[in-house]
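This report concerns selected local features of one protein chain. Please consult the sequence and the structure shown below while reading.

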Amino acid sequence: MTLGNTPKQADLLRGSASVVGDRVAPNSIFGILHREGHRLFPDELFGDLFSGRGRRSVPPQIVAAVMVLQRLFGMSDREAVEAFEFDMRWKYAAGGLDLDYPAFVHTVLVDMRARLAASGRPRRIFEVVLEAARDAGLVGYRRVLDSTPLYDAVATMDTVTLIGSAVRQLLAAADDYLEAELRAVLASGDDYASLAKPQIDWDDPAAREALIDSRAKDGYACLALLDGRSVDAAVTQAAEMLATILGQDLDEADDGVFKIARRVAADRAISTVDPDTRHGHKTQAKGFDGYKAHVAEDPDSEIIVDTKVTPGNAGDASVAEDLIDDLVAEYEDAQHDDDLDDVRPRPTVYGDGAYGGGEFQEFLDDHDIESRCKTPRPSPPPGGLFGKDRFDINLADGTVSCPNGVTVTIRYNGDGGTARFGTACNACPLKTQCTPSDNGRTVTISPHEHTLARVRRQQADPEWQTDYRANRPKVERKLGRHATTTRRPPSTSPRHHQSRRRLQPPRQRRQPRPRRRTRNPLHTNRMGNPLTHPGQHHQPRRPRDNPRSPTTLQSPAPPTQSSRSLSRTTTNANTRIDRFTPPT
């Protein structure tokens, strides 16, 4: 497929610029894309994505403009293509195209994303927009860091399903000769052709253990067959996945039987369909399966400056240094240019407690970046005992003093140090509030204890707290808008989840629904009419006039039969059947 070219000049009468140009605000997204689209997203920017042979592609400038508007308005591919076809503003933003410019199928957006992901610059659209924001002075020297979960649609598998799926993928990746060899070493009797679980008595513990042992031995037999052999990349990847599943979930007993391990692996794979997805926790009580998106935002313009994606079990601060690499690069440039160092303001980084660790705090200090990352207080022991902050830690003297005034020396090692009070706690009157251990209280000293203590003192400053509250929460609003895919603008077209009854027009009634009467069982009969004496039957009800009806209903004629009968009154096209009339 060759590179398509965006029309440079639209028709004078049919061009979208002549119709909506005066109606679109110049500072709106449509006006900015129309005015700067040829400079931001020129067709030549995407030239490496296409070859020199084949049919012409949809011009990349048009596709890029549609992708920007699609992400801004939270639309699907089909909705974005439909908006480009029928909304003149979209064609105006895509270069002032003619009103009858043909649309394209929604799979063009899918193909463009796939080509970008496989290229050497997958984030070129983001980089171009960010560079334009820098040139306009919208990106400063402050950053706010945060993360949000990205929920994966893949199903979470148990151990039996994981092993079966991994063996099935290995058989599918092998050629016919290798597949025959692999099937020859399978001793469980399962051909691994079905996605369903084996039919066993799942209430029988012995049957479950035998199933797990047989599947594990099949997996290890396949790996033993491939050990030392030269295979292609697909087989290697499938074998590595099988080895990961077997190693993380199974343990071999002394009798050689494989059982499910009574532990959880640190980096446990939960699916063979998407091997990179993981169990994650946004909080201790709320978990998710998928990935985690990390962002760095400029708090003044609220522009996202950088993004990273990690598995769901990665910590928030694991990619914090990568999110502020532009500030680090400017610091390194300032070290070699004295003039630049004089005019460069000191950068500032904001973050919640997840970014308040000692390692990241020292990284900010080493690169002359002011920290507004909140370092939480040490977590107290369970049971309401004294926390670490109740002890006076003197790093200069290398001592720690407890609330009772006992001072001990810190014993340092390679990863920090410890302060043990030992037998001094036995006669302490505050022991019940400090530790239940007979060996006394032990205080652990972090290798970054000096930095953490200094940051906690800075956080007590009211000016620090005011600046933190004014800027740190801004990233929450940005994540709430961009990371939540369920929030979409209201559409006039009916949704697929609507029932057929909701799509039908309301049924027309000949008569208005009568008002419901309040029934008192002590003073009314079964028809809701009042009783004059206990033995009385229900009385005929006088029909009310209907002001919305073309005619007025008349009162029913007196009954002529001695038995209970129906009285019907008909006027023009309106017919009403009254209730039973009482006998005369």
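The model is predicted: local features need pLDDT of at least 70 and side-chain atom pairs count only at pLDDT 80 or more, whereas totals for chains, interfaces and linings use all residues. Residues are numbered from 1 along each chain as its sequence is written, and side-chain values use heavy atoms, with hydrogens and water left out.

**Strands and sheets**

Helices (H or I, at least four residues) and strands (E, at least two) are DSSP runs, numbered from the N terminus. Two strands are taken to pair if DSSP finds at least two bridges between them. In general, strands of a sheet pair through backbone hydrogen bonds, either parallel or antiparallel.

An open sheet is formed by three strands in the order β12-β13-β14, with antiparallel pairing. Its edge strands, β12 (411-413) and β14 (442-445), each pair on one side only. From one strand to the next, the twist averages 20°, where axes are lines fitted to C-alpha atoms (for helices over the stretch in contact) and angles run from 0 to 180 degrees between N-to-C directions. Strand β13 (residues 416-420) is joined to β14 by four bridges, and A419 stands opposite V443 of β14.

Elsewhere, strands β5 (residues 287-298) and β6 (residues 303-311) run antiparallel and are joined by eight bridges. H294 has K308 in β6 as its bridge partner. The hairpin of β5 and β6 has four residues between the strands, and E302 takes a positive phi near 60° there.

S147 belongs to strand β1 (residues 142-151). Is S147 buried or exposed? S147 counts as buried because its relative accessibility is 3%; buried means under 20% relative accessible area, exposed over 50%, and partly exposed in between (1.4 Å probe, protein chains only). The side chains of S147 and D316 are joined by a polar contact of 2.9 Å. Such a contact is a pair of N or O atoms within 3.5 Å; within protein, one must be able to donate a hydrogen and the other to accept it, and residues adjacent in sequence count only if both atoms are side-chain atoms. Beyond neighbours within four places in sequence, the residues in contact with S147 (heavy atoms within 4.5 Å) include K292, H294, D316 and Y355.

**Aromatic rings**

The structure holds eight aromatic pairs. Rings of Phe, Tyr and Trp (its six-membered ring) pair if their centres lie within 6.5 Å; planes under 30 degrees apart count as stacked, over 60 as edge-to-face and the rest as tilted. Two stacked pairs are set out here.

| Pair | Centre distance | Plane angle |
|---|---|---|
| F30 and F73 | 6.1 Å | 20° |
| F360 and F363 | 6.3 Å | 15° |

The pair of F30, in helix α2 (residues 29-40), and F73, in helix α3 (residues 60-73), links distant parts of the chain, 43 residues apart. F30 is buried at 7% relative accessibility, while F73 is partly exposed at 28%. Ring pairs link F30, F73 and W90 into a cluster. F360 and F363 both lie in helix α15 (residues 358-366), three residues apart, about one turn of the helix, and both are buried.

Y412 lies in strand β12 and is exposed, with a relative accessible area of 52%. Not counting residues up to four places away in sequence, Y412 touches L395, G398 and G417. The C-alpha atoms of Y412 and T444 are separated by 9.9 Å, and the two residues are 32 residues apart along the chain.
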